[in-house]
Each structure stands twice: as C-alpha cells, then as structure tokens.
Amino acid sequence: MLIEFESVSVSFDAKTALDDINLKLDQKRIGVIGLNGSGKSTFARLLNGLITPTSGRVSVGGVNPATDPKAARSQTGFIFSNPDVQIIMPTVLEDVSFTLRQSGLTKDEIASKALASLERFGIGHLANQAAHSLSSGQKQLLAISAIMVSEPKLIVADEPTALLDLANARLVSRVLLEQIDQQVVLITHDLRLANECDILLRFADARLLEVGEPSPVISSYLAENG
Ligand SMILES: Nc1ncnc2c1ncn2[C@@H]1O[C@H](COP(=O)(O)OP(=O)(O)O)[C@@H](O)[C@H]1O
Ligand SMILES: [Mg+2]
C-alpha cells in the first residue's frame, strides 16, 4: 500500500512530537530508527489512527486514518513492545478467536481458523494454555497470530523485540521479516535488523532526518550518536 504523509505535524500541548513530515512509501519492509523521544511511535500510531495529526494529512492505501479510523484499523495490525498489553482473552485459542468475533463465521470455523494461525506461527501446541502463562517470545507470536488471522494489509511493529532475549528476538524478527507476506513497518533499535529492510527512515528531534537505503542511514546514525 502507498503510505503518504503531507506536511504532517503532531503536537502534545507545547511539545512537538513530529514536525512537518513529508513522505511517500510503498516498500514491503520499511524500517524506522532514531533515539528515544525522536517521534518513532508517534509516526507508527498515525498509520492506524491511534494518533491524529495536529496538521497535515496521512493516507494509507487511500484511507485517511484520522477521518476513517475503523477502516484504518481493519487494514493495519499493530504490535507493541509489551506483549502483555495485547492479550485480551484467557486462553491462547480464545485470544486469536476474539479477532474474528464479528467475522460472520460460525464458532467452529473461527476456532479452526484461529488454530491454523497459531500453527502457522509455531504455537499451535499452546492453543489451550492460559495466554498469560506463555513466555514473552511466545506472547509476541500470539499477538502476531491474532493480528494475522484477520488478514490485514499492513503490520506496524513498534519495537516488537525490545523486551525479548536474543533467541526470542531473533525468532520474532524472522517471523516479521520473512514469514509474513504483508507490508511491514518495523521500528527497532536492532540495527542489524534495520539493515535488512528495503528502506530505512531515521527520525531525530521530531523530524524525518533521512530516508533511504539502510546502510548509509545506519552509518550516519552511528556517526552522529556513537
Ligand atoms: N501522549 C503524549 N503526551 C505528551 N507527549 C508525548 C505523548 N506521546 C509522545 N510524546 C512526546 O513526543 C515525543 C516523541 O515521542 P515518541 O513518538 O513516543 O518517540 P519515540 O517512539 O521515538 O521514543 C517525545 O518527546 C514524547 O515525550
Ligand atoms: Mg517509541
């Protein structure tokens, strides 16, 4: 989908979180880097209408998330750093099924679709476990299973591996970059991962400082902050 920002600014009271962002992107793997507080999460949240611009216009696949948040949310799945905040239902299978509650499918169809999604991401064997009993890595796979079951067009992942150990971070990263056909916007402090994206955005002090091939964007980030 085409992601378009036209003169987008976001302010919280006196604080400018994003300042005059202009971009047009349609790459499949879009990476986002930048120091804490640079505006990355604000950028991510504009994509599905969790935040609306103070001025300017966002368009994602022709949908304006500010004026049509329902359409924006149904086409965009959002993954947070903290997998606990994404768990809604008591068991793993119920949690994925919850995504399909208004799909018009029967209870059995929902359960079998939900199970297939869990199996796709390697956690089918955990279907009947209490969702909160899972490890952090398994919880992120649960969040991905729950989002993917509704077949969104775009996945926005805001530091999805920040709370994971190395092995789980690697597992979740591989799933996001290699196992998902959808377009992915990936915010990360893992520069190795950022380097695998098709294009990299670098935010600094509420501004979009650089957009381009990952390698030079990472080099200047390291040079300025290393
Ligand atoms: N809801 C909010 N209220 C007030 N200030 C906010 C809010 N959300 C973000 N900010 C501020 O906007 C700036 C950008 O935040 P954010 O987009 O979360 O940055 P990042 O994700 O890069 O760490 C920060 O200075 C942050 O403190
Ligand atoms: Mg953030």
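Mentor: Let's start with the ligand: helix α1 contributes 3 residues to the shell around ligand 1, the most of any element. Keep in mind that this is a predicted model.

Trainee: Which residues surround ligand 1?

Mentor: F12, K15, A17, L35, N36, G37, S38, G39, K40, S41 and T42 surround it. To be counted as near the ligand, a residue needs a heavy atom within 4 Å of it.

Trainee: What is the make-up of that shell by class?

Mentor: There are 3 nonpolar, 6 polar and 2 charged residues around ligand 1.

Trainee: What makes the approach of K40 to ligand 1 a polar contact?

Mentor: Set the value against the cut-off. A polar side-chain atom of K40 lies 2.7 Å from an oxygen atom of ligand 1. The limit for a pair of N or O atoms is 3.5 Å, so the K40 pair qualifies.

Trainee: And how do you know that K15 and S38 qualify?

Mentor: By the same cut-off. For K15, a polar side-chain atom is 3.2 Å from an oxygen atom of ligand 1. For S38, a backbone N or O atom is 3.2 Å from an oxygen atom of ligand 1. Both values are within 3.5 Å, so both pairs are polar contacts.

Trainee: How much of ligand 1 does the protein cover?

Mentor: On its own, ligand 1 has 560 Å² of accessible area, and the protein covers 61% of that. Two elements give two or more residues to the shell: β2 (15–25) and α1 (40–46).

Trainee: Let's stay with α1. Why is S41 called partly exposed?

Mentor: S41, which is found in helix α1, has a relative accessibility of 29%. Buried means under 20% and exposed means over 50%, so S41 falls in between and is partly exposed.

Trainee: What does S41 touch, not counting residues up to four places away in sequence?

Mentor: D158 and I187. As for A17, it is 24 residues from S41 along the chain, and their C-alpha atoms are separated by 9.4 Å.

Trainee: Why is S59 called buried?

Mentor: Its relative accessible area is 8%. S59 lies in strand β4 (residues 55–60), and it is in contact with L2, I3 and E4, leaving aside its neighbours within four places in sequence.

Trainee: S97 is another serine to check. What makes it count as buried?

Mentor: The value for S97 is 16%. That is also under 20%, so S97 is buried. It lies in helix α3, and its side chain reaches the backbone oxygen of L93 at 2.8 Å. Not counting residues up to four places away in sequence, S97 touches I110, A111 and A114.

Trainee: Which residues of the largest nonpolar core touch the most other members?

Mentor: Of its 34 residues, those are L118, L142, I144, I155, L176 and I180. Elements giving two or more residues to this core include α3 (92–98), α4 (107–120) and α5 (136–148). Of the elements, α5 gives the most, with 6 residues.

Trainee: What is L118 in contact with, leaving aside its neighbours within four places in sequence?

Mentor: V92, L93, V96, I123, G124, A127, L142 and S145. There is also a second, separate core of 27 residues, which includes V10, V60, V156 and I199.

Trainee: Now the loops. Why is D165 called partly exposed?

Mentor: D165, in the loop between β6 and α6, has a relative accessible area of 45%.

Trainee: Which backbone nitrogen does the side chain of D165 reach at 2.8 Å?

Mentor: That of N168. The D165 side chain also reaches the backbone nitrogen of A167, at 3.2 Å.

Trainee: Last one: how do you know which class E213 belongs to?

Mentor: E213 has 57% relative accessibility. That is over 50%, so E213 counts as exposed. Its place is in the loop between β9 (207–212) and α8 (214–225). E213 and E196 are 17 residues apart in sequence and 9.8 Å apart in space, C-alpha to C-alpha.

Key
Residues numbered from 1 in each chain as written. Chains lettered and ligands numbered in written order. Predicted model: local features only at pLDDT ≥ 70, side-chain atom pairs only at ≥ 80, totals over all residues. Heavy atoms only, no water. Polar contact = N/O pair within 3.5 Å; in protein donor to acceptor, adjacent residues only side chain to side chain. Areas by Shrake-Rupley, 256 points an atom, 1.4 Å probe, with all protein chains shown as cover. Helix = DSSP H or I, 4+ residues; strand = E, 2+ residues; numbered from the N terminus. Nonpolar A, V, L, I, M, F, W, Y, C, P; charged D, E, K, R; others polar. Core = buried A, V, L, I, M, F, W, Y, C linked by side-chain atoms within 4.5 Å. Buried < 20%, exposed > 50% of the residue type's maximum accessible area, 1.4 Å probe, protein only. Contact = heavy atoms within 4.5 Å.
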